[in-house]
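Reader: I have a structure open and would like to go through it slowly with you. Could we begin with how its helices pack?

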Amino acid sequence: MERKPYQRIAASVMVYFAEYRLNFQEITEEAQVFFEGADWGAIQTLSAQRIDLYESMVVAAASEMQQLLGEALYTPELWNKAKPYYRRLLQQRTDPELAETFYNSVYCHVFRHRQIDDEHMFIFSSWRERLINTGGAIYRTYPLAELGGVRLLSRLLQDLPLQAPWENLRRDIRNLVVRARGVLPLARLSEQGASVQVIRSLFYRNKAAYVVGRVHIADQSIPFVLPILNNEQGALYVDSLICDENDVSIIFSFTRSYFLVDVDIPSEFVRFLHTLIPAKSIPELYSSIGFYKQGKAEFFRSFVAHLAQSEDQFIIAPGIKGMVMTVFTLPSFPVVFKIIKDRFSSSKQITREGVKEKYQLVKRHDRVGRMADTQEFTNFSFPKARFSEALLQELQLVAANSVVIEESRVIIRHLWTERYMTPLNIYIDDALSSNDDTALFNAINEYGKAIKQLAAANIFAGDMLFKNFGVTRHGRVVFYDYDEILYLTECNFRRIPEPMYPEQELSGEPWYSVSQNDVFPEEFSLLTACHPKVRRLFNELHGDLLSVECWLSMQSQVQQGVLVDVFPYRQLHRFSRSH
């Protein structure tokens, strides 16, 4: 019997979703081969391909349905019928929440993000109350009392799904035992039922494979991560043991690229990760393992739930107002909302589409822990009653083309969400006013390190004013203003020519020609002119950034294909490799 149009919609979406998941899995599985072969460029390419895959499959699904159904595809009533039929198709899947989100994406593509409601799509998941549980199959369990520390670690490492040999397994086990003695509650490790639980899949990213698990002792659970590196001569070694929850959280940070990790049952996988790092939200954890669209869906649901449980108003975000973006926030919710202004400052040589391209570049690029991930939304609807009058006036003044104000709703046609961070200029001012020299030192040091690590990843930040950086809850400095970023390899680093006569130097205009992408590092001294103490610290810690030679050296490394090591954990936590 021929399928009805709504059944064909549901079936087509499911076919393309299944193909997406299969392709996603195949891309992910290639990571091990490239890791063991030390092909770092290929791993970065895999990450970008996997990000692009989602949108390409959504477009393909919508295109095929257009060919099958023609104008009938744009009939909302068909989608109203397709939704429950599609829900029945999910019964046997282990990833129904992802399938619902894919359906939503196709629907939004077809209707251009209009007519967004729960009748036609899955605004709220129909699977939220159903827990898919394999009974512990996603991790291996090693009983501590039975095996003891050395045997347990030996078996754990040898059980990993890796083909390359170990550089020195005995040394690595010794390093792990010594570190464990200093960070784990040894007196409790022999208790009945104490065990180590290790996720079967490895987490690949950049130049490392991460073993993720927990030490489980009755009422206590201690997360841990073992970073495994390749010596680029065909052998592997354990680089550290990370057990502090905050340090583990940083490894899963929103400022880093998504992991390439084999995930069969995403909801169960994320629940397990959440037990390890409860400070990480469910949306962030979905995104961290590559399901960034699911992270977006979960973020929206958590945001709606928070609105129902809070009463504060949206306000203009603290900090200096941007020349390209207007930013607002809800004080009780750790996120900012960023909207492109209707008109930019005359100093900004960029278009609206150019800004979008920069944000997409950051999404696909290695963020090396120094650029914030974002989620892009179209026609985002807010309750008008929660907007302060000052914010409404600001939006109407600078972003009227992006904002629709109705009787009870404020609809923003296009925005990005981003994790809230304390603007670096505010953080520095607070440290200066409170005479907190330690906080000031760490902030300035982090600022310089952020610039250098971005450069190592082939990113030149462009506008490096303090106001364009934020400080995370872990004290890390992160760049979040992307409208002027360039690839480092596109920059032309120059020295400022000597003036031919004194009047030139006193002129308010440069006495030398300046071409597009010309950069004069000597001018960066203006960035720290706000306070003598700030300038002194910056010059002591990162004064090399004021020299052309420093930038040319970093640029040369990138041009030669050198992928600089940027570890998501402290250097002092790394193990010695001496025998």
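Reader: At what angle do helix α15 and helix α17 pack, and how far apart are their axes?

Author: Before the answer, please note that this is a predicted model, in which local features need pLDDT of at least 70 and side-chain atom pairs count only at pLDDT 80 or more, while totals for chains, interfaces and linings use all residues. Residues are numbered from 1 along each chain as its sequence is written, and side-chain values use heavy atoms, with hydrogens and water left out. Helix α15 (residues 437-456) and helix α17 (residues 532-542) pack at about 50 degrees, and their axes are 10 Å apart. Helices here are DSSP runs of H or I with at least four residues, strands are runs of E with at least two, and both are numbered from the N terminus. The axes are lines fitted to C-alpha atoms, for helices over the stretch in contact, and angles run from 0 to 180 degrees between N-to-C directions.

Reader: What do we call that arrangement of α15 and α17?

Author: α15 and α17 are oblique to each other, a label left for angles that are not under 35 degrees (roughly parallel), over 145 (roughly antiparallel) or 65 to 115 (roughly perpendicular).

Reader: Which residues in α15 and α17 meet?

Author: On the α15 side they include Leu440, Phe441, Ile444 and Lys452, and on the α17 side they include Val534, Leu537 and Phe538, where contact means heavy atoms within 4.5 Å. By class, the residues of this contact divide into eight nonpolar, three polar and four charged. In that scheme Ala, Val, Leu, Ile, Met, Phe, Trp, Tyr, Cys and Pro count as nonpolar, Asp, Glu, Lys and Arg as charged, and the others, Gly among them, as polar.

Reader: And α1 with α4, at what angle do their axes cross?

Author: The axes of α1 (residues 5-36) and α4 cross at roughly 120 degrees and come within 10 Å, which makes α1 oblique to α4. Among the residues that meet are Phe17 and Tyr20 in α1, together with Phe102 and Tyr103 in α4. The contact of α1 with α4 has 10 nonpolar residues, no polar ones and one charged.

Reader: Changing topic, how many residues of helix α9 are buried?

Author: Eight of the 11 residues of α9 (residues 266-276) are buried, so this helix is largely enclosed by the rest of the structure. Buried means under 20% relative accessible area, exposed means over 50% and partly exposed lies in between, using a 1.4 Å probe and protein chains only. The buried residues of α9 include Phe269, Phe272 and Leu276.

Reader: What about leucine 226, is that buried or exposed?

Author: Leucine 226, which lies in strand β5 (residues 220-230), counts as buried at 3% relative accessibility. Leaving aside neighbours within four places in sequence, leucine 226 is in contact with residues including Leu156, Tyr210 and Val238.

Reader: Where does glutamine 115 lie, and what is its phi?

Author: Glutamine 115 lies in the loop between α4 (96-110) and β1 (139-143), and its phi is near 50 degrees, a positive value in a residue other than glycine. Most residues other than glycine have a negative phi. At 43% relative accessibility, glutamine 115 counts as partly exposed.

Reader: And asparagine 379, what phi does that one have?

Author: Asparagine 379 has a positive phi of about 55 degrees, although it is not a glycine. Asparagine 379 lies in strand β10 (residues 374-383) and is partly exposed, with a relative accessible area of 25%.
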